[in-house]
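Colleague: Hi, could you walk me through this structure? I'd like to go through some helices, a sheet and a few residues.

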Amino acid sequence: MSDAIAHTTLANGLRVVAQRVEGASGVGVSVNYRVGFRTEKPTRSGFAHLFEHMMFQGSQNTAPGEHFSVVQACGGVVNGNTFPDSTDYYQVVPAEALQTVLALEADRMGFLTISPDLLATQRAVVKEEIRLQVTGKPYGGFPWTVLPGVMFDRWENTHNGFGEMADLDAATAEDCRAFFRLHYAPGNAVLAVCGDCDPEQALAAARVAFAGVDGRAAPAPHDPDEPPGADERRGTCHDPLAPQPAWALGTRLPDARRDLRRYAAHMALSHLLTTGSNARVRTALAPLGAKADSATGYFGPLTVVHPDTFVIVAHHPQGQADKTEEAVKNQLRDVAEGAARGAETARAVARTRTGLYRDFDSPAYRARFLARGALLFGRAGIGEDLAQHVGDLTDDDIAAAAARVSSPAGRALLNLLPEEMPR
């Protein structure tokens, strides 16, 4: 059980939401800023992720790395993530440590330390992360670093959010200061607190902690939307480390701000196609020696504003690309024509809803969902609304979602080939 969500906006423009969750043993705290990969400009790719690292390098009253040590010393966890449209910083701590965490977040929001030496260190860390997680391992970043370049036209939507090495090398400390002044303004952020807390007391604690952080002009929210293509697009990429080829289908999700029910239907469709050994696409691909999974977004549900992407990914033996594509499209067509009904769709709906509520049981996840919902969708409680829509889905809703994914309009197909290997 969870209480109603309490809201306030501080004098400096910071929006705060708080929610008590019955039975929670700690509090989740998340600060989300409206800046991410799609806020970047040409020649500054990867800057949002680089700056996420800079936010842990100390501030007026906090030494480099101390944010981690303070949270961990009280038995808590802390981390940050960069997404296409936002960057979040979260921690889960015992309830008595709430004021300490809020003070840490306020200190770096208002008084971050930025120096050439700190930048050089974190740039090296980010470049090593790219080498380990993207370019240095099989399927690193596939498909999300490549598929958008096939689906979309605008640079904001197509570029690799990890960043080009030359762009990272060109970043200066003054670039970081300008980025901080613009995008890390209190009015460009939402703070969420949830769990073992009284919501009104949490709002009061936020007022105290952030009272010394001055407001400053925040940028207008960036709209990355663009018209979908009329026809299906195709692309090919190479991965010299991949042991076998792979294939990806991407198409646009409905805009969750305008049609949350249809968005929910695509979530259930994703489970119907690929979750469980008897899922339709998994069963259809098994004779080919291929395996597949799918998602309603590269980063999870409601992490990205429109346009977001529904994705199916399959790894298949050499020479099976065409048959893999045919099998997936046939399953989509069958579901669109009503072949999946009754117990099959009920299982997909149950899995989708159960997964959402399981995530909500985590104070970290719930705090991040509350903050991101308010920041990106104007509804802190959109996660609960989504779960309700999932529970109300019918067979026809899921069939309509499959028909939408079956349409070539706005759809992209991507083949990944090991170096010099033919399809």
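Colleague: Let's begin with helices: at what angle do helix 1 and helix 4 pack?

Modeller: Bear in mind that this is a predicted model. Helix 1 (residues 47–54) and helix 4 (residues 116–135) pack at an angle of about 120°, and their axes are 9 Å apart. That angle makes helix 1 oblique to helix 4.

Colleague: And is the crossing of helix 1 and helix 4 left-handed or right-handed?

Modeller: Helix 1 passes helix 4 in a right-handed crossing.

Colleague: Which residues of helix 1 and helix 4 meet there?

Modeller: From helix 1 there are His49, Leu50, His53 and Met54. They meet Leu118, Leu119, Gln122, Arg123, Val125, Val126 and Glu129 in helix 4.

Colleague: Thanks! What about helix 12 and helix 16, how do they pack?

Modeller: Helix 12 (residues 321–336) and helix 16 (residues 395–406) pack at about 140°, with 7 Å between their axes. Helix 12 is therefore oblique to helix 16. The crossing of helix 12 past helix 16 is left-handed.

Colleague: Which residues make that contact?

Modeller: On the helix 12 side, they are Leu332, Arg333, Val335 and Ala336. Helix 16 brings Ile398, Ala399, Ala402, Ala403, Val405 and Ser406.

Colleague: While we're on helix 16, where does aspartate 396 sit, and is aspartate 396 buried, partly exposed or exposed?

Modeller: Aspartate 396 belongs to helix 16.

Colleague: How far apart are aspartate 396 and tyrosine 90?

Modeller: Aspartate 396 and tyrosine 90 are 306 residues apart in sequence, and in space their C-alpha atoms are 38 Å apart.

Colleague: Changing topic to the sheet: what is the strand order?

Modeller: The order is 7-11-8-10-9, in an open sheet of five strands with mixed pairing. Strand 7 (233–238) and strand 9 (291–295) are at the edges. Each has a single partner strand, so one side of each lacks a neighbour in the sheet. From one strand to the next, the twist averages 15°.

Colleague: Which way do strand 8 and strand 11 run, and how many bridges join them?

Modeller: Strand 8 (residues 246–252) and strand 11 (residues 412–417) run antiparallel, joined by five bridges. Leucine 249 stands opposite leucine 413 of strand 11.

Colleague: And how do strand 8 and strand 10 pair?

Modeller: Strand 8 pairs with strand 10 in the antiparallel sense, over seven bridges. Alanine 248 stands opposite valine 313 in strand 10.

Colleague: What about strand 9 and strand 10?

Modeller: Strand 9 and strand 10 pair in the antiparallel sense too, over five bridges. Here valine 313 in strand 10 is the bridge partner of aspartate 293.

Colleague: How many residues of strand 10 are buried?

Modeller: Six of the seven residues of strand 10 (residues 309–315) are buried, so the strand is largely enclosed by the rest of the structure.

Colleague: What does the side chain of threonine 352 reach?

Modeller: The threonine 352 side chain reaches the backbone oxygen of alanine 348 at 2.7 Å. Leaving aside residues up to four places away in sequence, threonine 352 touches Met267, Ala268, His271 and Val390.

Definitions and conventions
Residues are numbered from 1 along each chain as its sequence is written. This is a predicted model: local features need pLDDT of at least 70, side-chain atom pairs count only at pLDDT 80 or more; totals for chains, interfaces and linings use all residues. Side-chain values use heavy atoms; hydrogens and water are left out. A polar contact is a pair of N or O atoms within 3.5 Å; within protein, one must be able to donate a hydrogen and the other to accept it, and residues adjacent in sequence count only if both atoms are side-chain atoms. Contact means heavy atoms within 4.5 Å. Two strands pair if DSSP finds at least two bridges between them. Helices (H or I, at least four residues) and strands (E, at least two) are DSSP runs, numbered from the N terminus. Axes are lines fitted to C-alpha atoms, for helices over the stretch in contact, and angles run from 0 to 180 degrees between N-to-C directions. Angles under 35 degrees count as roughly parallel, over 145 as roughly antiparallel, 65 to 115 as roughly perpendicular and the rest as oblique. A crossing is left-handed if the near helix is turned anticlockwise from the far one by less than a right angle, and right-handed if clockwise. Buried means under 20% relative accessible area, exposed over 50%, partly exposed in between (1.4 Å probe, protein chains only).
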